[in-house]
Amino acid sequence: MEEQIYLLFDIGGTSVKYAAGDGAGRLWEPGSFKTPESGMEELLARMAEVYGRFEGRRNICGAAVSCPGAVDGKNGVIHGSSAVPYIHEIPFRDMVSGALGGLSVLIENDARCFAMGEMWLGEAAGAGHFSTIAIGSGIGGAMVHDRRVLYGANLCCGEVSNFPLGAQKPDGTREVWSDYTPVNLAKRYICQFGMEINGKKAV
């Protein structure tokens with residue numbers, strides 16, 4: 001029986017990471033591209049390019065997409081808000097499937113994917129209850145109880161990105177935890193000191 005391979009995407013505020021993977025957690029040909037700023041059309045085009053590189057060379061039987069926001073995997077829609085605003089409140093899963101030649105597509109929140117991965121093959125492989133915090137362009141969180149990922153009534157259980165902090169910003173709003181990611185720290189360094197720095201160099 002030919003091995004089943006899945007196309008994997010992780011959409012972040014700065015870049016989109018991708019690879020092919022199997023049911024044992026093995027990955028092939030990982031790569032990334034800058035998250036498009038122009039909108040969903042360009043994102044789909046770039047994802048289709050990646051699919052084209054694998055098509056015919058590997059038995060791609062489906063795709064999984066990790067995304068920011070309140071991800072409704074059942075209905076294929078991403079609610080809430082994130083650093084990638086154009087992915088929200090549209091038929092996201094179906095649009096991605098169309099760009100990938102009709103492949104079956106699963107979508108899930110990125111922090112929950114992180115929790116699932118740690119529970120499957122990572123540091124939490126033997127744990128029953130734990131929480132994860134994912135730090136990137138924003139900050140995400142997830143909670144696991146009795147080895148089940150919790151979703152909550154609004155698909156935001158464990159989410160910490162908008163936890164308010166004490167300081168007030170110039171526009172009158174309160175600072176939140178996501179204001180202090182390495183990416184946003186690098187932006188402040190650039191504005192204040194003119195430094196050539198990015199989020200990876202800031203940590």
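In which helix does Met 116 lie? In this predicted model, Met 116 belongs to helix α3, which spans residues 110-121. With a relative accessibility of 30%, Met 116 counts as partly exposed, because the buried class is kept for values under 20% and the exposed class for values over 50%. Once residues up to four places away in sequence are set aside, Met 116 touches Glu 108, Val 149 and Tyr 151. Phe 130, which is 14 residues from Met 116 in sequence, is 11 Å from it in space, taken from C-alpha to C-alpha.

Just after α2 comes Gly 101, whose phi is positive, at about 70°.

Asp 146 has a positive phi near 50° although it is not a glycine, and it lies in the loop between β9 (139-145) and β10. Leu 155, again a residue other than glycine, has a positive phi near 65°; its place is in the loop between β10 and β11. At 21% relative accessibility, Leu 155 counts as partly exposed, because a buried residue would have to be under 20%.

How many aromatic pairs are counted? The count comes to one aromatic pair, formed by Tyr 18 and Phe 33, with 6.3 Å from centre to centre and 35° between the planes, an arrangement described as tilted. Tyr 18 lies in strand β2 (residues 15-21) and Phe 33 in strand β3 (residues 27-34), so the pair ties together parts that are 15 residues apart in sequence. Both partners fall in the buried class, since Tyr 18 has a relative accessibility of 12% and Phe 33 one of 6%.

Charged side chains give another set of pairings. In general, side chains of opposite charge can pair when their charged atoms come close. The structure holds seven salt bridges, and one of them joins the side chains of Lys 17 and Asp 10 at 3.8 Å, N to O. In another salt bridge, the side chains of Asp 22 and Arg 26 meet at 2.6 Å, N to O; here Asp 22 is buried, with a relative accessible area of 8%, whereas Arg 26 is partly exposed, at 43%. The side chains of Lys 34 and Glu 37 likewise form a salt bridge, with 3.0 Å from N to O, and in this case both Lys 34 and Glu 37 are exposed.

The surface also carries a nonpolar patch of about 580 Å², made by Ile 133, Ile 135, Phe 163, Leu 165, Trp 177 and Tyr 180. Among these residues, Phe 163 is found in the loop between β10 (148-149) and β11 (164-168), and its relative accessible area of 44% makes it partly exposed.

Which helix holds Asn 184, and is this residue buried or exposed? Asn 184 is found in helix α4, residues 182-193, and with a relative accessible area of 18% it is buried. Leaving aside neighbours within four places in sequence, Asn 184 is in contact with Ser 137, Ser 178 and Asp 179. Gly 56, by contrast, is 128 residues from Asn 184 in sequence and 40 Å from it in space, C-alpha to C-alpha.

Notes
Residues are numbered from 1 along each chain as its sequence is written. This is a predicted model: local features need pLDDT of at least 70, side-chain atom pairs count only at pLDDT 80 or more; totals for chains, interfaces and linings use all residues. Side-chain values use heavy atoms; hydrogens and water are left out. Helices (H or I, at least four residues) and strands (E, at least two) are DSSP runs, numbered from the N terminus. Rings of Phe, Tyr and Trp (its six-membered ring) pair if their centres lie within 6.5 Å; planes under 30 degrees apart count as stacked, over 60 as edge-to-face and the rest as tilted. Buried means under 20% relative accessible area, exposed over 50%, partly exposed in between (1.4 Å probe, protein chains only). Patches are made of residues with over 30% relative accessible area and no salt bridge: like charges are joined within 9 Å, nonpolar side chains (Val, Leu, Ile, Met, Phe, Trp, Tyr) within 5 Å. Accessible areas come from the Shrake-Rupley method with a 1.4 Å probe; for residues, only the protein chains shown count as cover. A salt bridge is a side-chain nitrogen of Lys or Arg within 4 Å of a carboxyl oxygen of Asp or Glu. Contact means heavy atoms within 4.5 Å.
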